[in-house]
Every structure is written in structure tokens, then in C-alpha cells.
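Dear colleague,

I am passing on the structure below, together with a summary of what was found in it. Please look through the sequence and the model before reading the notes that follow.

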Amino acid sequence: MADTVLYEVSDGLATITLNRPEAMNALDIATKVALREAVQAAADDSAVRAVLLTAAGERAFCGARTSRSTSRCSRRTGRPAPGPR
């Protein structure tokens, strides 16, 4: 997972932290992919009984998505779409 999303499991609780406080935790492609991977990791782990989604920083939980980075993102995979649009 990228440093833009942190993942930790302790006592059955998976904590997923959006870690882009300088961008108000806006969701760019790398963050969306890392978030999807963290959620999948929690779903695949039989020791996880609950998930806490939180964010770093004090200004915002999640400012929004970055339109520039998601304009060519595949809905199915969350990864950049191939070739020109």
C-alpha cells in the first residue's frame, strides 16, 4: 500500500487512515487504489471484526477527489484507464 493510506490491525480492529493532510486527504488515483487495497485486506483477514476509517491532519476528513487525477480512472479497477480518452 502507498504511504497515502495507512493500515493497522489491533485486537480485531482494522484502522485505515487517509494520510494526505497537506491535500486535505483528497482522493487521487494512488490514494484510491491504496484505500481499495486496505479495505480488501481487512475483508480478507478473518481476525478483523470491525474497520475504522479515519484521516490524518486537523483541517478535513477528506476534502474531495482530485478531478485531474481521476478523469481517466477505470470504474472497474480504480486504476488509470489505458490510452487516450
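A crossover is called right-handed if, with the strands pointing away from the viewer, the path from the first strand over the helix to the second runs clockwise. In this structure, which is a predicted model, β2, α1 and β3 form a right-handed β-α-β unit.

Overall composition

The protein has two helices and three strands, and from the N terminus on its elements follow the order β-β-α-β-α. Of its 85 residues, 31% are buried. The accessible surface amounts to about 5,800 Å², and carbon and sulfur atoms account for 51% of that surface.

The three strands make an open sheet in the order β1-β2-β3, and their pairing is mixed. Its edge strands are β1, residues 5-10, and β3, residues 50-55, each of which pairs on one side only. On average, neighbouring strands of the sheet are turned by 20° against each other, direction ignored.

Strands of a sheet pair through backbone hydrogen bonds, and the pairing may be parallel or antiparallel. Strand β2 covers residues 13-18 and runs antiparallel to β1, with six bridges joining the two. Within this pair, glutamate 8 stands opposite threonine 15 of β2, and serine 10 has leucine 13 in β2 as its bridge partner. Strands β2 and β3 are also joined by six bridges, but they run parallel. Here leucine 18 stands opposite alanine 55 in β3.

Two residues of strand β2

Isoleucine 16 is located in strand β2. Is isoleucine 16 buried or exposed? Its relative accessibility is 1%, so isoleucine 16 counts as buried, the cut-off being under 20%. Leaving aside residues up to four places away in sequence, isoleucine 16 touches Val5, Leu6, Tyr7, Leu35, Ala38, Val39, Val51, Leu52, Leu53 and Thr54. One of these, leucine 53, lies 37 residues from isoleucine 16 along the chain, yet the C-alpha atoms of the two are separated by 4.9 Å.

Threonine 17 also belongs to strand β2. With a relative accessibility of 16%, threonine 17 counts as buried. When residues up to four places away in sequence are not counted, threonine 17 touches Thr4, Val5, Leu6, Thr54, Ala55 and Ala56.

The helix across the sheet

Helix α1, residues 29-44, lies across β1, β2 and β3 and runs at about 15° to β1. Valine 33 is a residue of this helix, and at 14% relative accessibility it counts as buried.

Aspartate 28 is placed in the loop between β2 and α1. This aspartate 28 is buried, its relative accessible area being 16%. Which residue does the side chain of aspartate 28 meet in a polar contact? The partner is the side chain of threonine 31, at 2.6 Å.

Most residues other than glycine have a negative phi. For aspartate 11, phi is near 50°, a positive value in a residue other than glycine. Where is aspartate 11 found? Aspartate 11 sits in the loop between β1 and β2, and the hairpin of these strands has two residues between them. With a relative accessible area of 82%, aspartate 11 is exposed, since the cut-off is over 50%.

Methionine 24 likewise has a phi near 50°, which is positive in a residue other than glycine. Methionine 24 lies in the loop between β2 and α1. At 29% relative accessibility, methionine 24 counts as partly exposed.

With kind regards

Conventions:
Residues numbered from 1 in each chain as written. Predicted model: local features only at pLDDT ≥ 70, side-chain atom pairs only at ≥ 80, totals over all residues. Heavy atoms only, no water. Pairing = 2+ DSSP bridges. Helix = DSSP H or I, 4+ residues; strand = E, 2+ residues; numbered from the N terminus. Axes fitted to C-alpha atoms, helices over the stretch in contact; angles between N-to-C directions. Contact = heavy atoms within 4.5 Å. Buried < 20%, exposed > 50% of the residue type's maximum accessible area, 1.4 Å probe, protein only. Polar contact = N/O pair within 3.5 Å; in protein donor to acceptor, adjacent residues only side chain to side chain. Areas by Shrake-Rupley, 256 points an atom, 1.4 Å probe, with all protein chains shown as cover.
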